[in-house]
Every structure is written in structure tokens, then in C-alpha cells.
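This report sets out the architecture of the structure shown below.

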Protein chains: 2
Amino acid sequence: MAESEFGLIRKFAGLTPRAGRLKAGIGDDAAVIKSGKKGFYELFTCDALVEGVHFTVKDKLFEVGYKSVAVSVSDIAAMGGLPAEAVVAVGVSGRISDRDAINIYKGMLKAAEKFGLNLAGGDTVKSRELFISVAMTGLVEKNRLVLRKGAKTGDAIMVTGRLGGSLENRKHLLFRPRLFEARYLTKRFVIHSMIDVSDGLAGDLRRICEMSGCGAVIYPDKVPVSGSLKKYGREKSFHRAVTDGEDFELLFTVPAKSAKRIENGMKKFFNLKATEIGRIIRGSDVLMEKNQKITALNMDGYKHF
Amino acid sequence: MAESEFGLIRKFAGLTPRAGRLKAGIGDDAAVIKSGKKGFYELFTCDALVEGVHFTVKDKLFEVGYKSVAVSVSDIAAMGGLPAEAVVAVGVSGRISDRDAINIYKGMLKAAEKFGLNLAGGDTVKSRELFISVAMTGLVEKNRLVLRKGAKTGDAIMVTGRLGGSLENRKHLLFRPRLFEARYLTKRFVIHSMIDVSDGLAGDLRRICEMSGCGAVIYPDKVPVSGSLKKYGREKSFHRAVTDGEDFELLFTVPAKSAKRIENGMKKFFNLKATEIGRIIRGSDVLMEKNQKITALNMDGYKHF
């Protein structure tokens with residue numbers, strides 16, 4: 001900004017420019033911003049869904065609308081926070097009827113109600129293909145913020161639910177972001193790092209390792225595979241479980257001594273499976289250990305490009 | 001939300017749900033949200049630009065990126081606020097090179113720097129057509145918040161700059177949102193209502209009247225017409241000035257006694273024309289008065305659908 005414009009801000013604005021408010025964010029599920037609310041950070045994230053890429057015209061648009069909000073709720077949850085407000089930009093093509101558009105908004109409202117946030121406004125524009133872009137703010141207590149970086153050597157690597165197959169079962173649309181589960185975790189336990197599994201376990205675990213400067217070893221027999229994948233046999237179903245996208249389960253690392261209590265607590269309060277699937281190690285390799293044989297986990301998650 | 005989920009929130013969240021935080025917004029340039037910062041409201045808005053609708057592939061992508069951020073700055077400005085953070089979702093088609101994508105981001109960063117906000121993060125997705133969706137938060141002192149509603153009978157209707165022709169001159173891309181000008185206005189004067197002229201004066205004035213429950217009368221000879229339109233003759237250029245979109249000037253109403261001081265102040269501090277173009281009247285009609293003849297202002301601004 002030019003010096004003269006700084007001068008104008010000072011003269012007429014009565015607010016200092018916002019530079020320096022950003023605490024973290026690049027590479028995390030949401031940006032972390034210093035907040036006016038004492039003891040809290042603001043979170044800010046956005047996600048877009050595009051026809052033909054993230055959904056097809058055969059999907060129910062109510063469910064597409066629901067998912068567009070739920071995806072951002074999942075991002076906020078993975079940071080340890082609660083969602084606050086969302087604004088939505090919808091690109092509406094000529095093929096979309098008024099009723100379709102209403103169904104999209106109904107789905108959004110359903111998710112907003114379910115997870116306690118406000119749909120605060122939006123922009124509707126013409127477009128050749130349907131897209132929905134949701135931006136969401138959230139709040140997190142400073143001592144409950146969890147980033148991707150923070151994993152420590154010896155940490156247990158844990159994951160909620162079961163992985164893989166959500167796209168083929170179309171469970172990816174009406175999925176339930178692990179908001180309350182994440183809030184439970186950050187309230188009762190020390191969580192060193194966390195991410196939501198949107199691009200597949202293998203890729204998202206690698207992100208935690210890269211951001212934390214560490215490696216990981218996974219025990220393949222421990223990875224919880226979705227029941228619908230079992231028909232593919234052990235090897236293929238494992239491959240699918242660690243590479244399929246759109247699971248929206250929580251992947252997190254904790255001091256190893258907490259793992260058992262977390263498994264029990266998740267079962268008790270949420271009737272949800274939580275599983276220790278491996279350990280954080282020194283170095284930068286992401287490995288598998290099976291029958292005392294160690295190999296590289298050479299599988300990547302969903303690639304966007 | 002189901003009762004049981006409220007229970008879960010109370011048990012694990014430690015934050016009350018956000019319901020009831022929303023103060024205003026539907027129909028305004030940005031949503032107004034109760035803030036954690038004492039004496040301030042948060043603002044939250046979003047806008048999307050779509051290839052083939054808001055810009056063409058012939059436009060410079062640096063300028064398209066700049067505009068995508070500047071449009072939301074203009075919304076925040078029209079509420080009397082200052083922008084804080086933005087997140088961006090970009091749908092990238094196969095026709096876009098890496099260099100193109102970098103140019104979009106460079107344009108965004110330029111606007112962010114110019115108007116003192118942080119680009120906090122974003123989402124890049126595959127798409128068949130290029131779109132850019134920007135969501136922006138802002139802050140405004142409670143006593144400086146200006147809505148579309150609030151115009152009062154007898155108010156002077158004022159507009160900054162000159163209107164019309166910005167699309168054909170492609171000035172609409174590198175336009176300068178009237179951020180500092182709006183902050184000056186809300187600091188030094190009582191502003192009853194304000195909007196940024198994005199869909200044409202006629203349509204946007206109608207919005208102020210509808211939200212405020214009032215009518216308006218415009219003096220056509222006073223409406224400041226862009227120099228580039230003068231070649232079309234008086235009648236056609238006036239028509240263009242009140243219906244062309246993408247001006248991004250401020251349209252606002254003030255107690256009539258302030259109008260002259262505002263014109264002088266805008267000239268002195270910003271070297272910018274500000275013009276009283278009419279008055280707010282009782283009723284709901286939007287009229288023109290010329291040579292003591294009153295007719296309806298039967299022109300609409302840019303129609304999105």
C-alpha cells in the first residue's frame with residue numbers, strides 16, 4: 001500500500017489496517033486469525049463444489065447443498081473450533097429450475113441448523129455449470145486450537161470411523177462432519193495435530209508429517225475399512241481405504257498413553273469407532289509395518305489436478 | 001437442531017451456538033454480525049465472478065483477480081466498514097495455465113495490499129469454466145454502520161464520481177472501490193443509507209427506497225454522466241448512466257443540509273466529484289423531475305437473470 005493511502009486510512013478510518021492479524025492458516029484446514037474476542041481465535045475457510053467434478057446432475061440437489069456447508073463444518077471441526085457464520089456464492093446454470101435452486105438452499109439450511117451456524121448471506125450469479133462456494137467463519141478457544149503441525153515422535157495416530165468407499169455409496173453427500181467428536185477430543189485430551197480426511201488417509205497423513213517435520217508408520221491390519229469395501233478382498237480394500245477421498249473422518253495424533261481412553265470415550269459418547277492405526281516416528285518417511293516387514297506407504301490420496 | 005444435539009454442544013462445546021448473532025444483512029451489501037470486539041459489528045459478504053458472464057478470456061487475468069477482491073471491498077465500504085480478511089475459491093479450467101493462475105492471485109494480492117486486508121486462504125478446484133468466489137469479513141464501529149434502509153423523507157440523494165460506460169471502457173476491472181471515501185463520510189457526517197452502485201443507479205436507488213419504505217425524485221440534469229458516454233447525446237447517455245452496471249460508486253442519502261459540505265469535502269480530500277442528484281420523498285415511487293414535469297424513472301439496472 002502506498003504511504004499516502006496509509007495516511008488516508010489513519011485520517012479517516014479510525015481502525016488500524018489488518019496486517020499482522022493472521023496467525024496461521026496456509027496449508028491448514030482453515031485460516032487462524034486473531035480475534036476481538038478475548039481467549040479466542042477466529043477461523044475462516046472456504047470450499048467449492050462443482051458440477052461434474054464433485055457431484056453430478058443426477059445427485060439430489062438437497063444433498064449437494066447440505067454437503068457444500070458440511071465440508072466447511074468439517075474443516076472448522078478439524079481445527080478444534082465451532083462454526084459461526086457462512087456466506088454462499090452459487091453459480092446457477094440455465095438447466096437449474098427454481099425448485100432445484102430452492103432444494104440447494106434447503107440442504108444448506110439443514111446443515112446450518114444441524115451444526116449451529118448462521119447462513120448470513122450470499123451471491124447468486126449466472127454460470128454455465130452449477131457451482132456452490134461456501135465460506136465459513138468459526139471460533140476456537142486459544143488452548144483448543146489444533147493445527148496440522150504439532151505431531152510429535154511417539155504419538156499414536158488415530159482415525160475416527162471407517163475409511164473408503166464413500167463416493168461409490170454416495171455417503172459423501174449426506175456425511176456427518178465430526179464436529180461434536182472433535183470438540184470432545186479438544187476438551188478432554190491433548191491433541192497434537194489433526195486434519196479431516198478429505199483426500200484419502202495416505203495423502204492427508206503425509207500432510208500432517210510434512211507440516212510437523214516427522215514421519216509415520218501405519219499398521220495396515222489396524223486401518224478400519226468400510227464394510228462396503230470388504231467384497232474387494234484384503235489388499236484392494238486396504239488400498240481403497242487409504243486412497244479414497246471424501247471420508248471426512250478425523251485423523252489426529254495424541255500422546256500414545258491417551259489412545260485407549262479416546263477409543264473408549266468415542267464409543268461411549270458417540271457410539272463411534274476410533275482406532276489407533278500407527279505411530280509418529282522420526283524422519284520424514286511414511287511407512288507400513290506388517291509381519292515385522294517395513295515398506296513405504298506408496299499410495300497417494302485423491303489428486304485434485 | 002435436535003434437542004439431543006444441543007445437549008452434545010453444551011456438553012462438549014463450551015461455546016453457545018451462534019443462533020441470534022445475526023443483526024442484519026439479508027438484502028444489504030454485507031451481513032452484519034454481533035462481534036466479540038466491543039463497539040464493533042462484524043461484516044461478512046461474498047461475490048463470485050464467472051468467465052463469460054463477468055469477464056471474458058480476453059480480459060487480463062491479473063485485472064480479473066484484482067476485481068474479484070475489489071468487488072467485496074466495495075460491499076464492505078458501502079456498509080461503512082473496513083475489510084479484514086478474505087478467502088477465495090477458484091474454479092480452474094484446463095484452459096488456464098499455471099502462469100494465468102499466478103496472475104489471478106497476483107491481482108488479488110494487489111487489491112488486498114491496496115485496501116489493507118489479508119488474503120487468509122482458499123480452495124482451488126477443477127472446473128470447466130473459470131470462476132472466482134471471494135468471501136470477505138470486515139469490521140465497522142456500531143455508530144458508523146450504514147444500511148440500505150434508513151433513508152428519510154427530505155434526504156439529499158448523493159452519488160460519487162460519474163456513472164455509466166465502465167463495462168465498455170473495461171474500467172470495471174481495475175476500478176477503485178470507494179473505501180476511504182466511505183470511511184470519510186461515516187466519520188464526518190450522518191449518513192442515513194448507502195449502497196454501492198453495482199447494478200445501475202436506477203435499480204440500486206430502488207433498493208434503497210424499498211428497504212427504507214420511501215420514494216425518490218431524481219433531477220436528470222444533475223446526474224453525473226461519464227465523459228465517455230457524452231458522444232451518445234443527452235438522452236441516451238442519461239439512460240446509460242442510470243442503467244449501466246459495474247460503476248461501484250457510492251449512492252447514499254444524507255440530511256439535505258450536509259450535501260454542500262460533502263461535495264466540498266470529497267473534492268478537497270479525494271479530488272472526487274460528489275453530486276446531489278435528487279431527494280427522498282414520501283410514498284414508494286421513484287420519479288424524475290425535469291422542467292417542472294414529473295415522470296416515473298422507468299428504467300431498471302442490470303438484471304442478473
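## Basis of the description

Two strands are taken to pair if DSSP finds at least two bridges between them. Helices (H or I, at least four residues) and strands (E, at least two) are DSSP runs, numbered from the N terminus.

The model is predicted, and local features need pLDDT of at least 70, side-chain atom pairs count only at pLDDT 80 or more, and totals for chains, interfaces and linings use all residues. Residues are numbered from 1 along each chain as its sequence is written, while chains are lettered from A and ligands numbered from 1 in the order in which they are written.

## Chain A as a whole

Chain A contains 7 helices and 13 strands. Of its 305 residues, 56% are buried; a residue counts as buried if 20 or more other C-beta atoms lie within 10 Å of its own, as exposed if 12 or fewer do, and as partly exposed in between, with C-beta atoms placed from the backbone. Among the contacts in chain A with a separation of 6 or more, 83% join residues 24 or more positions apart. A contact requires that the C-beta atoms of two residues, placed from the backbone, lie within 7 Å.

## Domains of chain A

Chain A is assigned domain 1 (3–143) and domain 2 (147–296), the bounds coming from an automatic or database domain assignment. The centres of the two domains of chain A, taken over C-alpha atoms, are 26 Å apart.

Where the domains of chain A meet, 18 residues of domain 1 are in contact with 17 residues of domain 2. Helix H2 (residues 61–78) of chain A supplies the largest share of the domain 1 side, with 10 residues. By class, that side of domain 1 of chain A comprises 9 nonpolar, 3 polar and 6 charged residues. Here Ala, Val, Leu, Ile, Met, Phe, Trp, Tyr, Cys and Pro count as nonpolar, Asp, Glu, Lys and Arg as charged, and the others, Gly among them, as polar.

## The seven-stranded sheet of chain A

In chain A, 7 strands form an open sheet of mixed pairing, in the order E8-E10-E7-E11-E9-E12-E13. Strand E8 (193–197) and strand E13 (293–296) of chain A are the edge strands, each pairing on one side only. On average, neighbouring strands of this sheet are turned by 30 degrees against each other, direction ignored. For such angles, axes are lines fitted to C-alpha atoms, for helices over the stretch in contact, and values run from 0 to 180 degrees between N-to-C directions.

Strand E9 (residues 215–218) of chain A pairs with E11(A) in the antiparallel sense over 4 bridges, and A:Ala216 stands opposite A:Ile280 in E11(A). Helix H5 (residues 201–212) of chain A packs on the sheet and touches E7, E8, E9, E10 and strand E12 (286–290) of chain A. The direction of H5 of chain A makes about 155 degrees with that of E8(A).

## Strand E7 of chain A

Strand E7 (residues 156–160) of chain A is mostly covered, with 5 of its 5 residues buried. In a regular strand the side chains alternate between the two faces of the sheet. In E7(A), A:Ala156, A:Met158 and A:Thr160 lie on one side and A:Ile157 and A:Val159 on the other, and both faces are covered.

E7(A) pairs in the antiparallel sense with strand E10 (residues 249–254) of chain A over 4 bridges, and A:Met158 stands opposite A:Phe252 in E10(A). E7(A) is also joined by 5 bridges to strand E11 (residues 274–281) of chain A, again antiparallel; there A:Ala274 is the bridge partner of A:Thr160.

## Chain B: sheet and helices

An open sheet of 7 strands with mixed pairing is present in chain B, in the order E8-E10-E7-E11-E9-E12-E13. Strand E7 (residues 156–160) and strand E10 (residues 249–254) of chain B pair in the antiparallel sense over 4 bridges, with B:Ala156 opposite B:Val254 in E10(B).

Helix H2 (residues 61–78) of chain B lies across E8 and E10 of chain B, running at about 165 degrees to E8(B). Because 18 of the 18 residues of H2(B) are buried, the helix is largely enclosed by the rest of the structure. Just after H2(B), B:Gly80 takes a positive phi of about 90 degrees.

B:Asp98 belongs to helix H3 (residues 98–114) of chain B. B:Asp98 is exposed, with 8 other C-beta atoms within 10 Å.
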